[in-house]
Amino acid sequence: MNGGVYQIQTAKKRMGMKTKNAIFNSIIYFVLAVLGILWVLPIVYLLYTAFRVTPDTGIIFKLFPDDLRLGGGNFARLFRETMFLRWLGNTCLVAVCSCVITTLFILMVSYALSRMRFKARKPIMNVMLVLGMFPGFMSMIAVYFILKAMNLTNSLFALILVYSSGAALSYYICKGFFDTIPRSLEEAAILDGANQVSILFRVTLPLAKPVIVYTVLTSFISPWCDFIFVNTIINDATKYTVALGLYRLINSQNSSFNEFFTVFCAGAVIVGLIVGALFMSMQRYYVEGVTSGSVK
């Protein structure tokens, strides 16, 4: 008798727990659905506006525009009436050069801090970690006056210099990945007669492909999307990057905001597609590099 009562009570408790879990999961799913809609809504707005024919922001007053054009339209105006190709070329040049220099700096510093032992190692790591916590734009005025004293303003080289100069401060993810590589592999290579350079390029770097891809992506996306330093350093229209060019397009004295707003959205769609395609193609290595380098 007591056993039957106990089983009934246990069954009731399980049913109550299942009901609570169902309610809790429903609330979580509802919140996630709302957040997903809020996240997708700006993208939908951008796409609709990029394909609009009328050069205004009328979507604020009517949600679904009835004058969409899939061919030509704002994308044709973007290449015909602006210097978008030059802006895109400048951005690619700065982003690729900064990416290469930054990646090399981070790999060298990370490998040295991971594999070498010297007295100032920990103080250097602590100082670099603290400095990396400060946002870069805090030094924007000082950087501008230094570049002005060196006659480097209004040049793409200045942008490359700014973006890659503090690369070593982002060493911690890459160093964490190098720490996970067994030292026994390097010891075996040393027994075979390899030096440190051979170990780095023939043993360590081939195993560090995920974190290298992660470093390349993060080093590329920063100059690709930056606006603050570009707006401070560059004033020559032929040296504009995409971010600054599109901003000046809708904030120029020779044009109104509504006149080029749809063209601005078309440019933003192209920039977003390039970045999205890059991340989608490297997604597997990107995630693996983050998760492997964040913990030892």
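Which element gives the most to the lining of the largest pocket? Select α10: with 6 residues, α10 gives the most to that lining.

**Before you go on**

This is a predicted model, where local features need pLDDT of at least 70, side-chain atom pairs count only at pLDDT 80 or more, and totals for chains, interfaces and linings use all residues. Residues are numbered from 1 along each chain as its sequence is written, and side-chain values use heavy atoms, with hydrogens and water left out.

**Stop 1: the whole chain**

Show the chain as a cartoon. It has 14 helices and 0 strands. Helices (H or I, at least four residues) and strands (E, at least two) are DSSP runs, numbered from the N terminus. Next, colour by burial. Of the 296 residues in the chain, 34% are buried. Buried means under 20% relative accessible area, exposed over 50%, and partly exposed in between (1.4 Å probe, protein chains only). Now look at contacts, meaning heavy atoms within 4.5 Å. Among contacts in the chain with a separation of 6 or more, 75% join residues 24 or more positions apart.

**Stop 2: the largest pocket**

Select G136, V162, Y163, G166 and L169. Of the 35 residues lining the largest pocket, these lie nearest its centre. The elements that give two or more residues to this lining are α3, α4, α5 (140-149), α6 (156-165), α7, α10 (209-225) and α11 (228-233). The pocket holds about 1,100 Å³ of space. Here is how it is found. On a 1 Å grid over the protein atoms alone, a pocket is an open set of points with protein on both sides within 12 Å along at least five of seven lines, and lining residues have an atom within 4 Å of a point. Grid points are joined across faces, edges and corners, and the volume is the space filled by probe spheres set on the points.

**Stop 3: helix α4**

Select residues 121-132. This is α4, with 12 residues. From first C-alpha to last, α4 reaches 16 Å, close to the 16 Å expected at 1.5 Å a residue. That expected span is 1.5 Å times one less than the number of residues. Which residues of α4 are buried? Pick out R121, M125 and M128. They cover an arc of only 70 degrees around the axis, which puts them on the same side of α4. The arc is that of the directions from the helix axis to the C-beta atoms.

G132 is partly exposed, at 38% relative accessibility. Then click S170. G132 and S170 are 38 residues apart in sequence, and their C-alpha atoms are 6.9 Å apart in space.

**Stop 4: S98 in α3**

Go to helix α3 and select S98. Is S98 buried or exposed? S98 counts as buried, at 1% relative accessibility. Show what S98 touches. Leaving aside neighbours within four places in sequence, its contacts are L159, I160, Y163, S164 and P223.

**Stop 5: salt bridges**

How many salt bridges are there? The count is 3, taking a salt bridge as a side-chain nitrogen of Lys or Arg within 4 Å of a carboxyl oxygen of Asp or Glu.

Start with R77, R80 and E81, which are linked in a network of salt bridges. Between R77 and E81, the closest N and O atoms are 3.3 Å apart. Both lie in helix α2 (residues 74-81), 4 residues apart, about one turn of the helix. Between E81 and R80, the closest N and O atoms are 3.6 Å apart. R77 is buried at 15%, E81 is partly exposed at 40%, and R80 is exposed at 56%.

Now jump to α7 and select K175 and D179. Their closest N and O atoms are 2.7 Å apart. About one helical turn separates the pair. K175 is buried, at 10% relative accessibility.

**Stop 6: the loop between α5 and α6**

Finish at N151 and N154 in this loop. Phi of N151 is near 60 degrees, a positive value in a residue other than glycine. Phi of N154 is near 60 degrees too. Most residues other than glycine have a negative phi. N151 is exposed, at 68%, while N154 is partly exposed, at 27%.

Technical notes:
On a 1 Å grid over the protein atoms alone, a cavity is a set of points where a 1.4 Å probe fits but cannot get out, and a pocket is an open set with protein on both sides within 12 Å along at least five of seven lines; lining residues have an atom within 4 Å of a point.
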